[in-house]
Amino acid sequence: MRGLHLVPANIDLSFISKKTLFFAFSTILILGSIIMFLANGLNYGIDFKGGIMIEVRTEKAADIGAMRKNLGSLGLGEVALQEFGQPTDVLIRIQRQDGGEKAQQEAVSKVKSALGEKVEYRRTEFVGPKVSDELFWDGVLAVGLAIFAILVYIWFRFEWQFGMGAVVALSHDVISTIGIFSLLGLEFNLSTVAAVLTIAGYSINDTVVVFDRVRENLRKYKKMPLPELLNNSINQTLSRTVMTSVTTLLALCALYFLGGAVIRDFSFAMIWGVIIGTYSSICLAVPLLLYLNVSRRGLMVGETDDAASQAP
Amino acid sequence: MIYFAKWKIVAILLICIGGLAFAAPNFLPKETAESLPDWMPHKQVSLGLDLQGGSHLLLEVEVDAVIKEQLESLVDEVRVILRKAKIRYGGLGRDGAKGVKVTIRQPEKVEEARNLLRRIDPQTNTVVDGTAVRIELLERAIADRRNGAMSQSVEIVRRRVDQTGTREPTIQRQGDDRILVQLPGVKDPERIKRLLGKTAKMTFQLTDVRGANMDPSRPAPAGSKWLPSVDSTADTSQPTIYLIKKRVMVSGEDLVDSQPGFDSRDGQPVVNFRFNTRGAKKFGVATAANVNRPFAIILDGKVISAPVIREPILGGTGQISGNFTVQEANDLSLLLRAGALPAPLTILEERSVGPGLGADSIAAGKIASMIGMILVVVFMVVAYGKFGGMADLALIINIFLILAALSVLQATLTLPGIAGIVLTIGMAVDANVLIFERIREEVRAGRTPISAIDSGYGRALTTIIDANVTTLIAALLLYIFGSGPIRGFAVTLAVGIVTSLFTAVMLTRLIVVTWLRRTQPKELPI
């Protein structure tokens, strides 16, 4: 047999016996994320908070200090400037203005006349209070509904125990992504919600593959103790799990390093999601099945129609 | 699994060839692609505003202002009718958001008043409570009115945008009171925002000469009102506030044309305008009766200028001068040509991307996808040898199929959409990884190549479908709840899942099976 085997064919790592360790780690991760979120909050982008974002390019390396002084004197409240991607590019963030939708528009004009015509305006965005509220609730609704819809699908395709395991793993990934964004102070905006939903999809994808093997083995080995069976299932699919994670990470790293500053945070969220999603499928979703009282009988009843759908 | 029906082979090959053909225009320059004959595939992927540069504006129409205005004029009519009928009344005014209230002082005349007021407008309901009469607009009338105001606003916005020479703008009504404006390639969004921010209601009214001797902080006498000057902050030598008679001589609705120009005497930028016949007549009569008195040209409640009428203006043409810059004269004449908005507009959201950033994003996206692709392709060959090569071929065709699908559906490709494609490159091989790992297992279990491949594809299929449906669910919800660029991401993700299912499951199987028949290997190089 040729080819690269990242994971040896006869691998037999012990995952299930270390479940306490994994559970402890995940509990700390989740609690840490929640505490971080409550204490530190999220660095919401203008999509959700409202406000103004302007990206400018100057001819020579930008003098951020002078620019900050210039814009700070306009009385627009909190003005944050940062270098964006390269020394000539500056990203300006201005807090949401009091006085409704019109005030945002006036502030944009003020900033533009203060900066003058010398700079290139690469991006100008503002979101008023009305739209940012709507976008926020749409985002919350989308993530909530996605988790629910996936739960329903898994429940329909497997047993409710599997559905529970999958959703715990999924929520774990979503919460810890929010935690890491809070910890690092990365901007949380619409793209991040898209990333979170994609992470949810990826994580569940990984979980389904392992669960599929668990189900197959439950039918095949009717006498095997459950811990051993689960451990075997993980090991049998480990090679695939690692391979797919590697190809996805390769593509995402290309995006992170070469895709431009605008989507760097988005790529970061997905890279984190792929890593944490892989971990949670193996170390969280499967060991959880031990406690969820997986019944072999239910699976055997469903066997006949499953066999039919598998036939070529 | 090993046997392929002839029609299936033909269908798979046709889909691949179709994919290549429909993706092809994207590799030609835009002009060349557009000049291709109709029978050839000639559509290119349409780029989102974040890639080609342009402005996205979400506007809100203050439709309630229209209803308020209608109630104000209802109040005026009630006043006129009751005065004419010599009925004493009090407490006349708007009552709530959709009614007008008046109290009749002579109880014996309540019934008469009711009958008179009922006739004002068939779309109202008149209710009497003691001596109080309430005239309410019918719900249907309000709905019609709001609808009318919305369609008219969309129309005026379209006219104004067209006048600025923007190519291929999209102007759509959204929901009850919003308008979405998308302006690809716009260089100066500030100008368009300024143009859209003006209602542009123009009126010609007489100035009340008593104003010169009155203190502007005192309430205006009946029939007149105080109005500020447009440039009240800039020029202090001018009186910054005018007393204007409420009656309108002529309004902007009677304008048929307006053009920017220069004053023949001092060369200052001005706006020349022309009335229609009705407007010309009204303006002629009004100016003839008021020679040597000043009148005011008022735009959106502010006085532009207040010249003195030297002689009756009978020709129906005129000139507005008011310390304009050339740009201001251009903008004002454009606004007058396009017409007034029925209600003020507010910009709720703006997202403008300059052409520089858009081009940079495209370039970065291209490089990232290519490098990502090369990394994955190389990795697959290293990991699975010949089989990896076959999966790579499927992956490349997959990219063409995604491009073809986006071109045919005319879906918009955004920056997150490019990210979706890159992600798809990474995840598309997943199905093949699943299949190949399964084949490896079957080989280890001692099966012959043919039987290993057969059960490898068969057993992996349910897993592949389960795994992809869940990602499709996420993509679908993203599409429903997402906006703009995020929708682009959802579209490429969903399209990528569907095409990768086809290439990974159908196409690689055909390739593997063909290879198997040709070489009849004793051992699989996997």
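Two strands pair if DSSP finds at least two bridges between them, and the elements named here are DSSP runs numbered from the N terminus, with helices (H or I) of at least four residues and strands (E) of at least two. This is a predicted model, in which local features need pLDDT of at least 70 and side-chain atom pairs count only at pLDDT 80 or more, whereas totals for chains, interfaces and linings use all residues. Residues are numbered from 1 along each chain as its sequence is written, and chains are lettered from A and ligands numbered from 1 in the order in which they are written.

**Where chain B meets chain A**
- In chain B, 67 residues are in contact with 67 residues of chain A, contact meaning that the C-beta atoms, placed from the backbone, lie within 7 Å.
- On the side of chain B that touches chain A, α10(B) gives the most, with 17 residues.

**An open sheet in chain B**
- The strands β12-β13-β16 of chain B form, in that order, an open three-stranded sheet with antiparallel pairing, whose edge strands, β12 (255-262) and β16 (317-320), each pair on one side only.
- Four bridges join β13 (residues 269-275) of chain B to β16(B), and B:F273 has B:G318 as its bridge partner in β16(B).
- Helix α9 (residues 326-338) of chain B packs on this sheet, touching β12 and β13 of chain B, and its direction makes about 170° with that of β12(B), where axes are lines fitted to C-alpha atoms, for helices over the stretch in contact, and angles run from 0 to 180 degrees between N-to-C directions.

Notes: Two residues are in contact if their C-beta atoms, placed from the backbone, lie within 7 Å.
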